[in-house]
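We will go from stop to stop, selecting a few residues each time and looking at what surrounds them.

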Amino acid sequence: MPAPGGTHASMAAVTRQETVGVGAGAEHLGVDRVIDLGPLHPSAHGAYRLRLTLEGPAEAPVIAAAEPLVGHLHRGAEKLFEVRDYRQVLALANRHDWLAAFCNEVAVATAVERMTGMEVPPRAVWLRALLCELNRMLAHLVFLAPLTRALVGEPTAGTTAAQRGREVVQEVMEEASGGRIHFMFSRIGGLREDVPAGWTERATHALSTVESLLPVIRKSTVDDEGFRRRHRGVGVLGADDAITLGVTGPAARASGVDLDLRRDDPTPAYAELDVRPVLRAEGDALARVQCLLGEVEQSVRLSRECLRRLPSGPVNVRLPKSVKAPEGSVYTWTEAPLGIAGVHLSSRGEKTPWRLKLRTASFNNVQALARLLPGTAVADLPAVLGSFALVVGDIDK
């Protein structure tokens, strides 16, 4: 029926359903249209779908309902854990969220250490905290890089700065571990080995480089009036919705959810660090980008403090030929770059876990798209999705 005072001829507004594919490879999912978030966006490693119900005129449609459709990159990590001993498990623990590889290793290693009552040497404790903060910085810079591009997709000075910052952090992470993506540096009881001679000085230099590049990244994003206009007030996620859906990390803190495990349930090193959660209240796309930038700044500060307080001594303990967790279960969690990463380990006293269940940040966070997308113009969809950091492997674990 026409609206009051309107005519049938003026009623171009219709309700229709489309399925939108996000990221590289989405064209193979049988979707109606593809949202390309750029070649540097982490979704390029996988694909997920959004089933959208659109309404309004065909030339300016608005999203009436959204349903994330996942499961196209199922990796089966939890079942693979069950047929590997505890030392082998760590080689797979870093693969579901490839941008939080070291943090994932620490979460699994901590679960086994608590089950066995193993005490990690102090130097390893502080190196783990340092490498987790470097990993956090690396992940956020990866997400920030595509956001710095111009509307036509051309790189800007901010893009170059984000890429440079990412590479200098990647270099020191790679030098420490020998791995570029899947670091495989944590071990049950500490780390595989100590960092090389001179590494702490090179890490300090990398932190100074990132700090010098942040103003350039900020100028291309949250300080740019065009960027602010495109991202302000779109894709709003309220604090109550974030809490109800279990959204954590920067996406939740951008909505005012004051939760950060580094402060609220800290490991021994973080208990001695001054962690100040980066909070915003608006919950929109702009607030999420502001939180990512603020967290990079904080990670620089925390990393410097870890380097300053890094003790000497061993970085691991001598393990038996076969590590066996006693019968029982334990739950550990850590503040990964995108939110809470949890590990529920159940053991029957054997050398392989009976069950190792992951609580991944992206799996919970992606559900929020069903709440924050309705009311969003389709034209604003790339800005909203680009601000909402997800790793598809972390969803399809």
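Here is the tour, from the whole chain down to single side chains.

**Before you start**

This is a predicted model, in which local features need pLDDT of at least 70 and side-chain atom pairs count only at pLDDT 80 or more, while totals for chains, interfaces and linings use all residues. Residues are numbered from 1 along each chain as its sequence is written, and side-chain values use heavy atoms, with hydrogens and water left out.

**Stop 1: the whole chain**

Colour by secondary structure and you will find 15 helices and nine strands. Both are DSSP runs numbered from the N terminus: helices are H or I with at least four residues, strands are E with at least two. Of the 397 residues, 55% count as buried; buried means under 20% relative accessible area, exposed over 50%, and partly exposed in between, with a 1.4 Å probe and protein chains only. Among contacts (heavy atoms within 4.5 Å) with a separation of 6 or more, 72% join residues 24 or more positions apart.

**Stop 2: the largest nonpolar core**

Select F102, L134 and W199 next. Within the largest nonpolar core, which has 68 residues, these three touch the most other members. A nonpolar core here is a set of buried Ala, Val, Leu, Ile, Met, Phe, Trp, Tyr and Cys residues joined through side-chain atoms within 4.5 Å. Now show α3 (101–116), α4 (122–147), α5 (157–177), α6 (199–220) and α11, each of which supplies at least two residues of this core. Which helix gives the most? That is α4, with 18 residues. Apart from this core lies another, of 28 residues, including Y48, L50, L237 and V366.

As background, nonpolar side chains tend to be buried together in soluble globular proteins.

Zoom in on F102. Beyond residues up to four places away in sequence, F102 touches R128, L131, C132, N135, M173, F183, F185, S186 and L191.

**Stop 3: along α3**

Keep α3 selected and look along its axis. The 16 residues of α3 reach 23 Å from first C-alpha to last, close to the 22 Å expected at 1.5 Å a residue; the expected span is 1.5 Å times one less than the number of residues. Because 14 of those 16 residues are buried, α3 is largely enclosed by the rest of the structure. Just after α3, G117 takes a positive phi of about 70°.

**Stop 4: M184**

Move to the loop between α5 and β5 (186–187), where you will find M184. M184 is not a glycine, yet has a positive phi of about 50°. Most residues other than glycine have a negative phi. At 31% relative accessibility, M184 is partly exposed.

**Stop 5: the hairpin of β7 and β8**

Strands β7 and β8 form a hairpin with two residues between them, and they pair in the antiparallel sense over nine bridges. Two strands count as paired if DSSP finds at least two bridges between them. To see one of the bridges, pick V330 and its partner in β8, L345.

Which residues make the structure's one aromatic pair? Y331 and W333 do, edge-to-face, at 6.2 Å centre to centre and 65° between the planes. Rings of Phe, Tyr and Trp (its six-membered ring) pair if their centres lie within 6.5 Å; planes under 30 degrees apart count as stacked, over 60 as edge-to-face and the rest as tilted. Y331 is partly exposed at 38%, and W333 is partly exposed at 37%.

Also in β8 is S347, buried at 5% relative accessibility. The S347 side chain reaches the backbone oxygen of P326 at 3.3 Å. Among the residues S347 touches are Y86, M115 and W354.

**Stop 6: S255**

Go to the loop between α9 (250–253) and α10 (261–264) and select S255. Buried or exposed? S255 is buried, with a relative accessible area of 5%. The side chain of S255 reaches the backbone oxygen of L237 at 2.6 Å. Its contacts beyond four places in sequence are L237, G238, A239, R280, A281 and G283.

**Last stop: P311**

Finish in the loop between α11 (285–308) and β7 (328–336), at P311. P311 is partly exposed at 25% relative accessibility. Beyond four places in sequence, P311 is in contact with P122, R123 and W126. Draw a distance from P311 to P121: their C-alpha atoms are separated by 9.8 Å, although they lie 190 residues apart along the chain.

Key. A polar contact is a pair of N or O atoms within 3.5 Å; within protein, one must be able to donate a hydrogen and the other to accept it, and residues adjacent in sequence count only if both atoms are side-chain atoms.
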